[in-house]
Amino acid sequence: MAHLLGGEALHLEYPTKVVFDSVSLGVNEGDRIGIVGRNGDGKSSLLGMLAGLRVPDGGRVTVRGGVTVGVLDQQDTLDDEETIGHAVVGDRLEHEWAGDARTRDVIAGLLGDLPWEARLGDLSGGQRRRVALARLLSGDWDVLFLDEPTNHLDVEAITWLAGHLKRRWAPTAGGLLVVTHDRWFLDEICTVTWEVHDRLVEPFEGGYAAYILQRVERDRQAATIEQRRQNLARKELAWLRRGAPARTSKPKFRIDAANELIADVPEIRDRVALQSLAVARLGKDVVDLLDVGVSYGDHTVLKDVEWRIAPGERTGILGVNGAGKSTLLSLVTGTLEPSTGRVKRGKTVKVATLTQRLDELEQHMNDPVRVVIAGLRTTYAFGSGSKAQELTPGQLLERLGFSSAQLSTPVKDLSGGQKRRLQLLLVILDQPNVLILDEPTNDLDTDMLAAMEDLLDSWSGTLIVVSHDRYFLERVTDQQFAILDARLRHLPGGVEEYLRLRAMQDAEPSRPAATGGANAIPGLQGAELRAAQKEASATERRIEKLQQQIDRAKAALVEHDQGDYVGLGKEMQRISALEGERDELEMQWFELTEAIG
C-alpha cells in the first residue's frame, strides 16, 4: 500500500507536561484510523500535528507529493454572514453541484432539515457543526482528519456518516483519521486503532472491539498496568461478546481467544438481584403514562402514549431532534402535565435527572472537589447480595477517574469531562430510585464512559436514557423505545429497527399512489391484502394481551418474598419468556405492516 503521510520522532511538550516523546507513525492508502485515549493525553494534538495545523517541538511530518488534506477540527471558523448553500458549495453553479452524486448525498445526509438560504449566524452551534462537516465532505481530499465528527449528530446522521466514510475511503482509496468517543462509530469504520497514552502512540489492528481484545491481552501480560483499568476493559469485552453478537462477526475479532479471556467474567449485571432490590425500594408503582397526549395549540407533540414503567426497568429513548423526547421526560419527572390522559406516580418515587447542563455544580464552582463531597454521607451501598459494597464518595470518585491531587482542584478549573463525572456522582448519591440521563456522554473519553457504565451496572433502580451514543445506549439499557409520529413505540429490534422505521418514514412521500382507496404497495392486492390486514390486526391484539400479562407479572413481584431468590428467578424467567414471545409477535406485526404499506 502506498504511503500518504507520516510523523518521524515527533516530540511535543507544554511548560508542565511532555505530551509526546519520539513518536513515529504513518498513514497508508486505505487506512481508516481511530484515535482513542484519555482526555488530555494528546489525541487532538496528534491530529493537529499530522494535519499540519501545529508544529511539533521536535521531529517532522512528511506528506507525499500531491496528497491533499482536509481537516475538521473543533474550532468554528464559519462566516456568520454566509448562507448554508454558499458555505457548502461555494460559487459552483447549481447544475454543477446538483449533478455531483457525492455532494447530493452529503447535503441529504447532513442538511436535509435546514433551509438552503439560511444565514449561518442564525444557526445553533450543532447546526453550524453540521454545515462545517458537509462543506468538508463536499471537497475532494486524499486524507481526511476528523476531530469529534459525531458531536451534535443524531443516531441517523451518525449511521449515515459511517456508511459515507466507508464507501468513500475504501481499502484502496485515501486515508482517514478520526478522534471520537463514539465507540460504535469507531467499530463500524476503523481498520486500525491508535491508543494515545503515556507520551506514546500504540497501534492496534482492527476497530474498537478488536482493540479492546488486544488491550486485554496486553494488560494481562503487563503487571504495571492498573488493575482497575484491566478489569473495566475485560468487563467491556465480555459485553461486546455476549451483548452485541453482531459485532463479533468481524473477521479481525478472534472469537476463540475472546471466549477464553472472558471465561471467568460474570454477566455485567445481575438482573434478578437488581430488579428485586428495585422492587423493594420502589414498590410496584413507578410512573404510569396512561393514554397520554401533549399538545401546544394545534401542534401535537405526543399522542396515545401508554407506558407503564416497571421497577428496575432500563430503557433507552430514541427520536429525532424535536420528536418529543424532552416532553416525554418532563411527563415522567412531573414538571409537565399532559393535555390528555393521566400520569400515575408511585408514592415512593424519587426522580433525578442528569441534564446536559451542569446545574448541580453551579453553587460549587469556587469550591475544591474535596469540599463538595465533604457534605455527603460517609458511605453508600452499591450492588446487591454478596456483591454489595459500601463505598465512600472519595472511592466512587476514584472509580470515575479522579486522582487524589484533583480532589484539591476548584470545580471551575476541572475539565468538561471531570465536571460531568462529578455531576453524575452528586446525582446518584442523592439516592434517587428513578434516574434519567439526558445525553450523559458529552465530554467523556472511552475509558471514562466504561467507568460510568461500570458504576451504573451496580445501581439498582429504574434507568431512562436519552442519548445519540448508540454504544452507550445499548450497553446500559435492556430495551429501547422510539418516538415516531408523536407515538411511543417499543423497538424489539433495538436501534437497527429504529433506523429501518425512520427510513420508511422518509420514503413515505415517494411511495406509489395507492389505488382503490387501499394504501398498498404492488404485490399485495385483493384477497392477499385483506388477509394480511386481518392477520396484522389479530397479531396486534395478541401483543396487547401479552403486554397486559407482562405488566401483571411484574407488578406481582412486589408481593413476592424478596429473600426467595430461587422463586424470584423463576418469575423473572417466566416474564422473560413472555417478553420473548411478545418481541417475536412484534417482529411479525412489523413485517406484515411493512408489506401492507
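**Cavity, sheet and helix in a predicted model**

The structure holds one cavity of 30 Å³ or more. This is a predicted model, in which local features need pLDDT of at least 70, side-chain atom pairs count only at pLDDT 80 or more, and totals for chains, interfaces and linings use all residues. Residues are numbered from 1 along each chain as its sequence is written, and side-chain values use heavy atoms, with hydrogens and water left out.

User: What makes a space a cavity, and how much space lies in the largest cavity?

Analyst: On a 1 Å grid over the protein atoms alone, a cavity is a set of points where a 1.4 Å probe fits but cannot get out. Grid points are joined across faces, edges and corners, and the volume is the space filled by probe spheres set on the points.

User: Which residues line the largest cavity?

Analyst: A lining residue has an atom within 4 Å of a point. The lining consists of D154, V155, E156, I317, L318, G319, K325, E439, V466, S467, H468 and Y498. Helix α6 (155-168) and strand β12 (314-318) each supply at least two of the lining residues.

User: Why are β1 and β2 called paired strands?

Analyst: Two strands pair if DSSP finds at least two bridges between them. Strands themselves are DSSP runs of E with at least two residues, and helices are runs of H or I with at least four, numbered from the N terminus. In β2, L25 is the bridge partner of G7, and F20 stands opposite L12. A hairpin of two residues joins β1 to β2.

User: Why do β2 and β4 count as edge strands?

Analyst: Three strands form an open sheet in the order β2-β1-β4, with antiparallel pairing. Because β2 and β4 (58-63) each have a single partner strand, one side of each is left without a neighbour in the sheet.

User: How do you know that α1 packs on the sheet and is mostly covered?

Analyst: Contact means heavy atoms within 4.5 Å, and helix α1 (residues 43-51) touches β1, β2 and β4. Its direction makes about 130° with that of β1, where axes are lines fitted to C-alpha atoms, for helices over the stretch in contact, and angles run from 0 to 180 degrees between N-to-C directions. Buried means under 20% relative accessible area with a 1.4 Å probe, protein chains only. Eight of the nine residues of α1 are buried, among them L46, L47 and M49.

Notes: Buried < 20%, exposed > 50% of the residue type's maximum accessible area, 1.4 Å probe, protein only. 1 Å grid on protein atoms, 1.4 Å probe; cavity = no way out; pocket = protein on both sides within 12 Å on 5 of 7 lines; lining within 4 Å.
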